[in-house]
Amino acid sequence: MSSDQELVELVLQGNKQAYNQIVDRYKGKIYFFLYGMIGRPQDAQDLAQEVFIKAYFHIQSYKPDYSFSSIPYCN
């Protein structure tokens, strides 16, 4: 299994399949975190999708010293 850093490097090189691996790795954690906050499954799923879209467009801000889950998605 590739590390977050390896996957991000592949994404930055244009490998979209690598981003799918990142999504698969974190989708459960993101979904359950959001579901715990709002309590509505469909809304949590929609928000999780938005998180991953935003993360994709800000992936260049990834710092290899941190887990991918710590990328600042805001703004």
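**Entry 1: salt bridges**

I began with charge pairs and found three salt bridges in this predicted model. I counted a salt bridge where a side-chain nitrogen of Lys or Arg lies within 4 Å of a carboxyl oxygen of Asp or Glu. Side chains of opposite charge can pair when their charged atoms come close.

Some ground rules I noted: residues are numbered from 1 along each chain as its sequence is written, and side-chain values use heavy atoms, with hydrogens and water left out. As this is a predicted model, local features need pLDDT of at least 70 and side-chain atom pairs count only at pLDDT 80 or more, while totals for chains, interfaces and linings use all residues.

**Entry 2: Asp4 and its partners**

What does Asp4 pair with in a salt bridge? I found Arg25, at 2.6 Å from N to O. Asp4 lies in helix H1 (residues 4-12) and Arg25 in helix H2 (residues 16-38), so this pair ties together parts that are 21 residues apart in sequence. My helices are DSSP runs (H or I, at least four residues), and strands (E, at least two) are too, numbered from the N terminus.

Is Asp4 buried or exposed? Asp4 is buried, at 11% relative accessibility, while Arg25 is partly exposed at 26%. For these words I used relative accessible area: buried is under 20%, exposed is over 50%, and partly exposed is in between (1.4 Å probe, protein chains only).

I also saw that the side chain of Asp4 makes a polar contact of 2.5 Å with that of Tyr26. A polar contact is a pair of N or O atoms within 3.5 Å; within protein, one must be able to donate a hydrogen and the other to accept it, and residues adjacent in sequence count only if both atoms are side-chain atoms.

**Entry 3: the other two bridges**

Asp24 bridges to Lys27, with the closest N and O atoms 3.4 Å apart. These two are three residues apart in helix H2, so about one helical turn separates them. Lys27 is partly exposed, at 44%.

Arg40 and Asp43 make the other bridge, at 2.5 Å from N to O. I found Asp43 partly exposed at 28% and Arg40 partly exposed at 46%.

**Entry 4: a walk along H2**

At the start of H2, I found a side-chain oxygen of Asn15 within 3.0 Å of the backbone nitrogen of Gln17. Further along, H2 has a kink of about 50° centred on Tyr26; the bend at a residue is the angle between axes fitted to the seven residues ending there and the seven starting there. After H2 comes Gly39, with a positive phi near 75°.

Which residues of H2 are buried? They are Ala18, Tyr19, Ile22, Tyr26, Ile30 and Leu34, and they pack against H1 and H3.

I then looked at the largest nonpolar core, which has 15 residues; Val11, Tyr19, Ile22, Ile30 and Ile59 touch the most other members. H1, H2 and helix H3 (41-57) each give two or more residues to this core, and H2 gives the most, with six. Such a core is a set of buried Ala, Val, Leu, Ile, Met, Phe, Trp, Tyr and Cys residues joined through side-chain atoms within 4.5 Å.

My last stop was Phe52 in helix H3, buried at 9%. Leaving aside neighbours within four places in sequence, Phe52 is in contact (heavy atoms within 4.5 Å) with Tyr19, Val23, Tyr26, Lys27 and Ile30. Phe52 and Lys27 are 25 residues apart in sequence, with 8.4 Å between their C-alpha atoms.
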